[in-house]
Amino acid sequence: MMHQTNILLVDDETQFVSALAERLSMRGFSADWACSGQEALDKVENNHFDLAILDVKMPNISGLELKRKLSERAPGLRFIFFTGHGSEEAFRTCSAEAETVLVKPLKIEELVATIHCILNADQTEA
């Protein structure tokens, strides 16, 4: 039996992140979501996630800072960033920190393909 992929979505836009979690769930993923960095850190303390999808720009803590904190608590967690502010510099910075950077509005098919790509890369390395 295949392991269901557990995904944590983090974005300060509640409607966006909850709808995205629902759409991923409909495609067979186990998707949980948080609207703040602290909420995401709390969820990682109590649950196992394979992948975190983080908004780059959030109040109080940036996606980059949150990634560092999540990595400390959950070594092996993989990351995708997404941003609504696609500046070249932000894109380069984030690309160095995560497997992929996607630009909002996210196309669900593109996101699902990216998730599969990252997770399949893990399996071929194992």
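How many bridges pair strand β1 with β2, and in which sense?

1. Strand β1 (residues 6–10) pairs with β2 over 5 bridges, in the parallel sense. Strands here are DSSP E runs of at least two residues, and helices are H or I runs of at least four, numbered from the N terminus. Two strands pair if DSSP finds at least two bridges between them. Along this pair, leucine 8 sits opposite aspartate 32 in β2.

2. A word on the model: it is predicted, so local features need pLDDT of at least 70 and side-chain atom pairs pLDDT 80 or more, while totals for chains, interfaces and linings use all residues. Numbering starts from 1 along each chain as its sequence is written, and side-chain values use heavy atoms, leaving out hydrogens and water.

3. Now the whole sheet: 5 strands form an open, parallel sheet in the order β2-β1-β3-β4-β5. At the edges you'll find β2 (30–34) and β5 (100–103), each pairing on one side only.

4. Helix α1 (residues 14–26) packs on the sheet, where it touches β1, β2 and β4 (78–83). Contact means heavy atoms within 4.5 Å. The direction of α1 makes about 170 degrees with that of β2. Axes are lines fitted to C-alpha atoms, for helices over the stretch in contact, and angles run from 0 to 180 degrees between N-to-C directions.

5. Then look at helices α2 (residues 37–46) and α3 (residues 63–73): their axes come within 10 Å and cross at roughly 15 degrees. That makes α2 roughly parallel to α3 (angles under 35 degrees count as such). Residues making the contact include Leu41 of α2 and Leu70 of α3.

Key: Parallel < 35°, antiparallel > 145°, perpendicular 65-115°, else oblique.
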